[in-house]
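Subject: Structure handover and notes

Hello,

Please find the structure below, followed by my notes on it.

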Amino acid sequence: MHLLERIEEYVQDIKKNSYIYDIQKAGIEIFCKYITNSGLDIREEDLDRQILDKLLLYWLPRNKKYLSDVEAYQIIYTIHDIYYYIKKRNKQEEVEAPTILESYGQEYMRVYKAKNMLLKMTKDPVVSVNPIIIALDKYKEKKKKNNYTDIATTYEQAVFEVQECKEGGQVILNKLGQSKPYKLLLEYPTYKYLRVGDILHAVIKRKLFYVYWEVEELKFYYLPQAQEFLVL
(Lines give C-alpha, C1' and ligand atoms only; values in the text may rest on other atoms or scores of the structure.)
Protein backbone atom coordinates (compact mmCIF):
# COMPACT_ATOMS: atom_id res chain seq x y z
CA MET A 1 0.00 0.00 0.00
CA HIS A 2 1.20 3.53 -0.75
CA LEU A 3 2.39 5.39 2.34
CA LEU A 4 -0.25 8.13 2.07
CA GLU A 5 -3.01 5.54 1.72
CA ARG A 6 -1.90 3.84 4.93
CA ILE A 7 -1.80 7.19 6.74
CA GLU A 8 -5.36 7.85 5.57
CA GLU A 9 -6.37 4.48 7.03
CA TYR A 10 -4.72 5.54 10.31
CA VAL A 11 -6.68 8.81 10.22
CA GLN A 12 -9.98 6.98 9.81
CA ASP A 13 -9.09 4.78 12.79
CA ILE A 14 -8.30 7.61 15.19
CA LYS A 15 -11.27 9.72 14.06
CA LYS A 16 -13.31 7.29 16.13
CA ASN A 17 -11.89 9.14 19.13
CA SER A 18 -12.43 12.87 18.52
CA TYR A 19 -10.17 13.87 21.44
CA ILE A 20 -7.14 12.01 20.05
CA TYR A 21 -7.87 13.21 16.52
CA ASP A 22 -7.96 16.85 17.66
CA ILE A 23 -4.55 16.41 19.32
CA GLN A 24 -3.00 14.62 16.34
CA LYS A 25 -4.56 16.52 13.44
CA ALA A 26 -1.71 19.03 13.10
CA GLY A 27 0.94 16.30 13.20
CA ILE A 28 -0.88 14.26 10.55
CA GLU A 29 -1.11 17.28 8.25
CA ILE A 30 2.61 18.01 8.71
CA PHE A 31 3.58 14.40 8.01
CA CYS A 32 1.49 14.27 4.82
CA LYS A 33 2.81 17.65 3.65
CA TYR A 34 6.39 16.47 4.20
CA ILE A 35 5.78 13.31 2.15
CA THR A 36 4.14 15.26 -0.69
CA ASN A 37 6.58 18.19 -0.77
CA SER A 38 9.60 15.90 -0.60
CA GLY A 39 8.37 13.79 -3.51
CA LEU A 40 8.37 10.64 -1.40
CA ASP A 41 6.41 8.40 -3.75
CA ILE A 42 7.03 5.31 -1.65
CA ARG A 43 5.21 2.30 -0.34
CA GLU A 44 4.60 1.94 3.37
CA GLU A 45 7.19 -0.80 3.81
CA ASP A 46 9.89 1.63 2.63
CA LEU A 47 9.27 4.08 5.47
CA ASP A 48 12.31 4.04 7.76
CA ARG A 49 13.84 6.05 10.58
CA GLN A 50 16.15 7.98 8.28
CA ILE A 51 13.14 9.49 6.47
CA LEU A 52 11.63 10.50 9.80
CA ASP A 53 14.96 11.82 11.11
CA LYS A 54 15.16 14.21 8.16
CA LEU A 55 11.58 15.32 8.79
CA LEU A 56 12.16 16.00 12.48
CA LEU A 57 15.73 17.29 12.39
CA TYR A 58 15.61 19.43 9.26
CA TRP A 59 12.29 19.82 7.47
CA LEU A 60 10.03 20.57 10.42
CA PRO A 61 12.25 23.27 12.02
CA ARG A 62 12.42 25.01 8.63
CA ASN A 63 8.72 24.78 7.88
CA LYS A 64 7.15 25.27 11.31
CA LYS A 65 8.79 28.30 12.87
CA TYR A 66 6.03 29.00 15.36
CA LEU A 67 5.01 26.17 17.69
CA SER A 68 4.54 26.06 21.43
CA ASP A 69 6.55 23.43 23.26
CA VAL A 70 3.35 21.44 23.88
CA GLU A 71 2.39 21.56 20.18
CA ALA A 72 5.90 20.40 19.29
CA TYR A 73 5.60 17.42 21.65
CA GLN A 74 2.17 16.50 20.24
CA ILE A 75 3.60 16.44 16.71
CA ILE A 76 6.39 14.08 17.80
CA TYR A 77 3.85 11.88 19.59
CA THR A 78 1.69 11.74 16.45
CA ILE A 79 4.56 10.83 14.12
CA HIS A 80 5.66 8.20 16.64
CA ASP A 81 2.16 6.68 16.61
CA ILE A 82 1.84 6.71 12.81
CA TYR A 83 5.26 5.12 12.33
CA TYR A 84 4.60 2.21 14.68
CA TYR A 85 1.07 1.78 13.33
CA ILE A 86 2.56 1.28 9.86
CA LYS A 87 5.25 -1.05 11.17
CA LYS A 88 2.62 -3.16 12.89
CA ARG A 89 0.57 -3.34 9.69
CA ASN A 90 3.68 -4.65 7.95
CA LYS A 91 4.36 -7.28 10.62
CA GLN A 92 7.43 -5.37 11.79
CA GLU A 93 6.53 -5.18 15.44
CA GLU A 94 10.03 -5.07 16.87
CA VAL A 95 10.50 -1.55 18.29
CA GLU A 96 13.89 0.04 17.69
CA ALA A 97 15.52 1.63 20.69
CA PRO A 98 15.32 4.47 21.33
CA THR A 99 11.83 5.07 19.98
CA ILE A 100 10.92 8.28 18.13
CA LEU A 101 9.23 9.62 21.24
CA GLU A 102 12.27 8.81 23.39
CA SER A 103 14.63 10.40 20.86
CA TYR A 104 12.71 13.58 20.17
CA GLY A 105 9.87 14.16 22.64
CA GLN A 106 11.57 16.03 25.48
CA GLU A 107 14.26 17.49 23.22
CA TYR A 108 11.68 19.04 20.93
CA MET A 109 9.95 20.68 23.89
CA ARG A 110 13.30 22.07 25.05
CA VAL A 111 14.29 23.37 21.61
CA TYR A 112 10.98 25.12 21.01
CA LYS A 113 11.10 26.68 24.48
CA ALA A 114 14.59 28.01 23.71
CA LYS A 115 13.51 29.15 20.26
CA ASN A 116 10.42 30.98 21.50
CA MET A 117 12.39 32.74 24.23
CA LEU A 118 15.04 33.85 21.74
CA LEU A 119 12.34 35.08 19.34
CA LYS A 120 10.85 37.14 22.16
CA MET A 121 14.30 38.69 22.80
CA THR A 122 14.58 39.72 19.15
CA LYS A 123 11.27 41.61 19.35
CA ASP A 124 9.74 39.17 16.88
CA PRO A 125 6.24 40.44 16.01
CA VAL A 126 4.66 37.06 16.85
CA VAL A 127 3.94 37.43 20.56
CA SER A 128 1.96 34.20 20.96
CA VAL A 129 2.25 30.89 19.12
CA ASN A 130 -0.92 29.23 20.41
CA PRO A 131 -2.91 30.85 18.94
CA ILE A 132 -0.72 32.89 16.58
CA ILE A 133 -0.94 36.55 17.62
CA ILE A 134 1.03 39.29 15.86
CA ALA A 135 1.71 42.59 17.61
CA LEU A 136 1.28 45.29 14.97
CA ASP A 137 3.59 47.75 16.74
CA LYS A 138 6.41 45.18 16.89
CA TYR A 139 5.82 44.28 13.26
CA LYS A 140 6.17 47.94 12.22
CA GLU A 141 9.22 48.37 14.46
CA LYS A 142 10.94 45.30 12.99
CA LYS A 143 10.16 46.39 9.44
CA LYS A 144 11.57 49.83 10.14
CA LYS A 145 14.68 48.30 11.73
CA ASN A 146 15.24 46.09 8.68
CA ASN A 147 15.52 49.23 6.55
CA TYR A 148 18.07 50.82 8.88
CA THR A 149 21.69 49.81 9.43
CA ASP A 150 23.70 51.28 12.30
CA ILE A 151 27.25 51.91 11.07
CA ALA A 152 28.55 51.51 14.63
CA THR A 153 27.20 47.97 14.82
CA THR A 154 28.74 44.81 13.33
CA TYR A 155 26.38 42.16 11.97
CA GLU A 156 27.06 38.49 11.28
CA GLN A 157 24.64 36.11 9.59
CA ALA A 158 25.57 32.44 9.68
CA VAL A 159 24.76 28.97 10.94
CA PHE A 160 26.16 28.89 14.47
CA GLU A 161 26.82 25.99 16.82
CA VAL A 162 26.56 26.36 20.59
CA GLN A 163 29.99 25.58 22.04
CA GLU A 164 29.49 26.42 25.69
CA CYS A 165 26.70 27.41 28.08
CA LYS A 166 27.87 28.92 31.36
CA GLU A 167 25.92 29.49 34.56
CA GLY A 168 25.04 33.16 34.61
CA GLY A 169 23.99 33.29 30.96
CA GLN A 170 27.21 33.44 28.93
CA VAL A 171 26.78 31.38 25.76
CA ILE A 172 29.60 30.89 23.28
CA LEU A 173 28.85 30.26 19.61
CA ASN A 174 31.06 29.34 16.68
CA LYS A 175 30.16 29.47 13.04
CA LEU A 176 29.60 25.87 12.01
CA GLY A 177 32.96 24.38 11.07
CA GLN A 178 34.96 27.38 12.34
CA SER A 179 36.61 28.20 15.65
CA LYS A 180 36.17 31.95 16.18
CA PRO A 181 34.05 32.47 19.34
CA TYR A 182 31.03 34.78 19.53
CA LYS A 183 29.95 35.50 23.09
CA LEU A 184 26.30 36.08 23.99
CA LEU A 185 24.90 37.06 27.36
CA LEU A 186 21.38 35.68 27.75
CA GLU A 187 18.86 36.27 30.49
CA TYR A 188 17.48 33.63 32.83
CA PRO A 189 15.78 31.29 32.07
CA THR A 190 16.52 31.48 28.32
CA TYR A 191 20.09 30.18 28.58
CA LYS A 192 18.92 27.21 30.64
CA TYR A 193 17.26 25.71 27.55
CA LEU A 194 20.27 25.91 25.24
CA ARG A 195 22.61 22.92 24.97
CA VAL A 196 26.09 22.42 23.58
CA GLY A 197 25.76 21.33 19.95
CA ASP A 198 22.47 23.14 19.26
CA ILE A 199 22.50 24.85 15.86
CA LEU A 200 21.15 28.35 15.26
CA HIS A 201 20.76 29.96 11.85
CA ALA A 202 20.75 33.55 12.99
CA VAL A 203 21.78 37.15 12.54
CA ILE A 204 23.80 38.42 15.50
CA LYS A 205 25.10 41.92 16.15
CA ARG A 206 27.65 43.66 18.35
CA LYS A 207 27.78 47.37 19.07
CA LEU A 208 31.08 49.21 18.88
CA PHE A 209 33.23 48.67 22.02
CA TYR A 210 30.83 46.03 23.38
CA VAL A 211 32.10 42.57 24.40
CA TYR A 212 28.91 40.58 23.89
CA TRP A 213 26.91 39.90 20.76
CA GLU A 214 23.11 39.97 20.65
CA VAL A 215 20.69 37.85 18.63
CA GLU A 216 19.14 40.21 16.11
CA GLU A 217 17.13 37.63 14.18
CA LEU A 218 16.60 33.90 14.62
CA LYS A 219 15.81 32.15 11.37
CA PHE A 220 15.96 28.46 12.33
CA TYR A 221 16.87 26.42 15.41
CA TYR A 222 18.03 22.82 15.01
CA LEU A 223 19.00 19.91 17.21
CA PRO A 224 22.70 18.93 16.97
CA GLN A 225 21.97 15.85 14.82
CA ALA A 226 20.67 18.11 12.03
CA GLN A 227 24.25 18.79 10.86
CA GLU A 228 24.16 15.90 8.41
CA PHE A 229 21.20 17.49 6.58
CA LEU A 230 22.53 21.06 6.46
CA VAL A 231 24.01 22.21 3.16
CA LEU A 232 26.24 25.20 3.93
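Is Lys 166 buried, partly exposed or exposed? Lys 166 counts as partly exposed, because its relative accessibility is 35%. Before the rest, please keep in mind that this is a predicted model.

Overall layout

The chain contains six helices and seven strands. In sequence order they run α-α-α-α-α-β-β-α-β-β-β-β-β. Of the 232 residues in the chain, 45% are buried. The accessible surface is about 13,000 Å², and carbon and sulfur atoms account for 50% of that surface. If you take the contacts between residues at least 6 apart in sequence, 64% of them join residues at least 24 apart.

Helices H1 and H2

Helix H1 covers residues 3-14 and helix H2 covers residues 18-37. The two pack at an angle of about 175°, and their axes are 11 Å apart. Angles over 145 degrees count as roughly antiparallel, so H1 and H2 are roughly antiparallel to each other. On the H1 side the contact is made by Leu 3, Leu 4, Ile 7, Tyr 10, Val 11 and Ile 14. On the H2 side the contact residues are Ile 20, Tyr 21, Gln 24, Ile 28, Phe 31, Cys 32, Ile 35 and Thr 36.

Tyr 83

Tyr 83 sits in helix H4, which spans residues 69-89. Tyr 83 counts as buried because its relative accessibility is 1%, and the cut-off for buried is under 20%. Setting aside neighbours within four places in sequence, Tyr 83 is in contact with Leu 47, Asp 48, Arg 49, Leu 52, Glu 96 and Ile 100. Glu 44 is 39 residues away from Tyr 83 in sequence, and the C-alpha to C-alpha distance between the two is 9.5 Å.

Salt bridges

Side chains of opposite charge can pair when their charged atoms come close. The count for this model comes to 14 salt bridges.

- Arg 43 and Glu 45 are joined by their side chains, with an N to O distance of 3.0 Å. Arg 43 is partly exposed because its relative accessible area is 43%, and Glu 45 is partly exposed because its value is 36%.
- Glu 164 pairs with Lys 166, and the closest N and O atoms are 3.8 Å apart. Glu 164 is partly exposed at 34% relative accessibility; Lys 166, as said above, is partly exposed at 35%.
- Lys 219 and Glu 217 meet at 3.5 Å, N to O. Lys 219 is partly exposed, with a relative accessible area of 22%, and Glu 217 is partly exposed at 26%.

There is also a network: salt bridges with shared partners link Arg 6, Glu 9, Asp 13, Lys 16, Glu 44 and Arg 89.

The loop between S5 and S6

Strand S5 covers 181-185 and strand S6 covers 199-207, and Pro 189 lies in the loop between them. The peptide bond that joins Tyr 188 and Pro 189 is cis, with omega at about 5°. Most peptide bonds are trans. Thr 190 lies in the loop between S5 and S6 as well. Thr 190 is buried, because its relative accessible area is 7%. Apart from neighbours within four places in sequence, Thr 190 is in contact with Met 117, Leu 118 and Met 121.

The loop between S6 and S7

Phe 209 lies in the loop between S6 and strand S7, the latter being residues 214-222. Leu 208 is placed in the loop between S6 and S7 too. The phi of Phe 209 is near 75°, a positive value in a residue other than glycine. Most residues other than glycine have a negative phi. Phe 209 counts as exposed because its relative accessibility is 78%, and the cut-off for exposed is over 50%. Together, Leu 208, Phe 209 and Tyr 210 make a nonpolar surface patch of about 420 Å².

Regards

Methods. Residues are numbered from 1 along each chain as its sequence is written. This is a predicted model: local features need pLDDT of at least 70, side-chain atom pairs count only at pLDDT 80 or more; totals for chains, interfaces and linings use all residues. Side-chain values use heavy atoms; hydrogens and water are left out. Helices (H or I, at least four residues) and strands (E, at least two) are DSSP runs, numbered from the N terminus. Buried means under 20% relative accessible area, exposed over 50%, partly exposed in between (1.4 Å probe, protein chains only). A salt bridge is a side-chain nitrogen of Lys or Arg within 4 Å of a carboxyl oxygen of Asp or Glu. Patches are made of residues with over 30% relative accessible area and no salt bridge: like charges are joined within 9 Å, nonpolar side chains (Val, Leu, Ile, Met, Phe, Trp, Tyr) within 5 Å. Accessible areas come from the Shrake-Rupley method with a 1.4 Å probe; for residues, only the protein chains shown count as cover. Axes are lines fitted to C-alpha atoms, for helices over the stretch in contact, and angles run from 0 to 180 degrees between N-to-C directions. Angles under 35 degrees count as roughly parallel, over 145 as roughly antiparallel, 65 to 115 as roughly perpendicular and the rest as oblique. Contact means heavy atoms within 4.5 Å.
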